[in-house]
Amino acid sequence: QVQLVESGGGSVQAGGSLRLSCAASGYTASSHCMGWFRQDPGKEREGVAGIDTVGRTFYRSSVKGRFTIFRDNAKNALYLQMNSLKPEDAAMYYCAAIIGRTCEGIFWDRSSQYNYWGQGTQVTVSS
C-alpha cells in the first residue's frame, strides 16, 4: 500500500528556513518521479519542485535559488529545503508521486499527472 506522509511544516518569520519531509512507503521513491506542490485556500494547487528518476530537478521560478528538492534513498524519503522564506510561500504543502505510469515527457508541475498524494503540511510565514 502506497503512502506518503509529510512533516516539517510550521511557522517561521520571513527570511527563515524549513525542511519538509515526505516519508514514502509501499514503493521505492528513487524509482519514481515525485514533486512538491502547495495550495492556498481558494487557489489552485501549484507545483513547487519536482525530481525525476535520474535525479533531475525542476523548480517554479519564484523559488529557484531558495528551495532545494532532494531524496534520501536509504530512508526512502523526499525533502524540500526551503530557505529565505517569504510570506507568499505560506501554504499547505503536499508531496506527490507518479506510480505505475511513465513520467517520461510529463510536465512536472501539473498536479493532474500525479496519482498519489500525502495529506499535506502547513507552512506559515510571517512578515
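1. Starting with T121: its side chain reaches the backbone nitrogen of G9 at 3.0 Å. Bear in mind that this is a predicted model. T121 sits in strand β11, residues 121–126. With a relative accessible area of 10%, T121 is under the 20% cut-off and therefore counts as buried. Beyond its sequence neighbours within four places, T121 is in contact with E6, S7, G8, G9, L20, A91, M92 and Y93.

2. On to R71, in strand β7 (residues 67–72). R71 is buried but has no salt bridge; the nearest side chain of opposite charge belongs to D52, 5.9 Å away. What R71 does have is backbone oxygens: a polar atom of its side chain lies 2.3 Å from that of H32, and there is a 3.2 Å separation from that of A29. I'd have a look at the 2.3 Å one on screen. Setting aside residues up to four places away in sequence, R71 touches a list that includes S30, C33, M34, I51 and D52, plus A77, L78 and Y79.

3. As for partners, β8 pairs with β3 (residues 18–25) in the antiparallel sense over six bridges, and S21 stands opposite Y79. β7 and β8 also pair antiparallel over six bridges, with M82 as the bridge partner of F67. The β7–β8 hairpin has four residues between the strands, and N76 there takes a positive phi near 55°.

Conventions: Residues are numbered from 1 along each chain as its sequence is written. This is a predicted model: local features need pLDDT of at least 70, side-chain atom pairs count only at pLDDT 80 or more; totals for chains, interfaces and linings use all residues. Side-chain values use heavy atoms; hydrogens and water are left out. Helices (H or I, at least four residues) and strands (E, at least two) are DSSP runs, numbered from the N terminus. Buried means under 20% relative accessible area, exposed over 50%, partly exposed in between (1.4 Å probe, protein chains only). Lys and Arg count as positive and Asp and Glu as negative; His and the chain ends are not counted. A salt bridge is a side-chain nitrogen of Lys or Arg within 4 Å of a carboxyl oxygen of Asp or Glu. A polar contact is a pair of N or O atoms within 3.5 Å; within protein, one must be able to donate a hydrogen and the other to accept it, and residues adjacent in sequence count only if both atoms are side-chain atoms. Contact means heavy atoms within 4.5 Å. Two strands pair if DSSP finds at least two bridges between them.
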